[in-house]
Amino acid sequence: MRASLASSIAVTCAAVLALPVSLTAPAAATAPPAAALALPPAPELPGSTQSLPLEPLGAATRALGGTAGPDGQGLTRRDVRPFSLVGVVWDDPRAPLHGTVQVRTRATGGAWSEWQDVETHNEEHGADPDTAEGSARALRGSTAPLWVGDSDGVEIRVRGEEPLPAGLRLELVDPGEDPTAAPEGTAPRVRGAMAPAGRAGASAAEEAASAVNARLAPHGAAWIPALSKEETEREARALPQTAPAGLAAAAAAKPYIGPRPKIITRKGWGADERIREKGFVYTKTIKAAFVHHSATGNNYSCKQAPSVLRSIYRYHVKSSGWRDLGYNFAVDKCGNIYEGRAGGVAKPVMGAHTLGFNTNSMGIAVLGTFSRSAPPAAAVTAIARLTAWKLGLHGVNPKGTSYLISGGGNLYKKGKKVRFNAIAGHRDGFATDCPGGRLYNKLGTARTSSAKYQGRP
């Protein structure tokens, strides 16, 4: 999710993630400059954020390899509470950060890492400017998040090519306890798909997030089970005519629907439903799927993917000021598919993933960075299976094209009607590297496979 952009329109960052390594993260609260770093999270919360204001870096820091110049800001090495994901935010979501952000971290009980770059061009993700979410007062500018794994020490330096935006803060996110426990290379071992309705202690937000998937899985399920193609078509025909965008009518008119894949729910990856905005926002239909990479590196294992998701979710909501996780779905390197933004996996939920083209589209983030690394075949297959089902519910041919109206961006002015491949890359709608050249080059394969899953010739 890096952009070579000339415009800085919207909001904060997108969610970026990455691939293999073993890690854990931190989360929630604001802290003073040095010692007290952040308030401890309430015991019942699954994560927390330490928010540390950056400081001017002096000559001593520069002598040790820190940033030079009058615009240099950062923090020298320090001990902090455990965290696993880092990012930088600032006050004005429309102010670009032209420069470089580098961090190094200390693995818990281990050694310091080398300096790592944090992607600064993140405004190409987020809600469209004229939407309620895109103009919310809580929004902040932000870099992409970087997954670093279990860490308890940090150092950061920021060098500006021009004056840096005001209010720079380092965000250190802890995802909290991982609800999964699966062997390496397998799907997360989440609690069973069956769960009693109205569980004691469940919040209203948890109940609502589960209820929107009630036709697909038992209430409180940790995953939505896979169906055969025949079962999927039968289920689609049974959808009520009052379903969003007339899904039942589309299913009856267009029999090409791929078999529903297994989808790990928000319950399954441990989303804290209390931190997002209440309620759900829908668009009219789904005409296209935009594929992204999370751009947080490739240092996670498949059993850590839920922790990565919880970290990105918390960074999007608590640090960047979004209403919820930006992406509609996420895919890890083992091909596991996760429910993203709340509202129902079969419904046209309005996401915040492709600035200017969130209306009538969905966003899929593959966890990892694929500018130089090839995406795993399992992830490409998961994209094909997911789009065969979801686009099929709306009568869309994965090898076809669709028209969307631009909400404004650096490639297409607001109001312009643009034709996209039904499975498109983020860079098709915005001048950005996302989803990385190596993943982008696999989208043709995904389109062909997705159409085959739908039963098209």
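Visitor: Cys302 has a relative accessibility of what percentage, and is Cys302 buried or exposed?

Guide: Cys302 sits at 1% relative accessibility, so it counts as buried. Buried means under 20% relative accessible area, exposed means over 50%, and partly exposed is in between (1.4 Å probe, protein chains only). Bear in mind that this is a predicted model: local features need pLDDT of at least 70, side-chain atom pairs count only at pLDDT 80 or more, and totals for chains, interfaces and linings use all residues. Residues are numbered from 1 along each chain as its sequence is written, and side-chain values use heavy atoms, with hydrogens and water left out.

Visitor: How do I spot a disulfide, and which residue does Cys302 join?

Guide: Look for a pair of cysteine sulfur atoms within 2.5 Å. Here Cys302 is joined to Cys334, S to S 1.9 Å. The link is right-handed, with 90° about the S-S bond.

Visitor: Which parts does the pair tie together?

Guide: Cys302 lies in the loop between strand S11 (288–293) and helix H6 (305–319), and Cys334 in the loop between strand S12 (329–331) and strand S13 (337–339), so the parts tied together are 32 residues apart in sequence. Helices (H or I, at least four residues) and strands (E, at least two) are DSSP runs, numbered from the N terminus. Cys334 is partly exposed, at 27% relative accessible area.

Visitor: Now Ser361: where is it found?

Guide: In strand S14, residues 361–366. Ser361 is buried, with a relative accessible area of 0%. Contact means heavy atoms within 4.5 Å; leaving out residues up to four places away in sequence, Ser361 touches several residues, including Thr285, Asn328 and His353.
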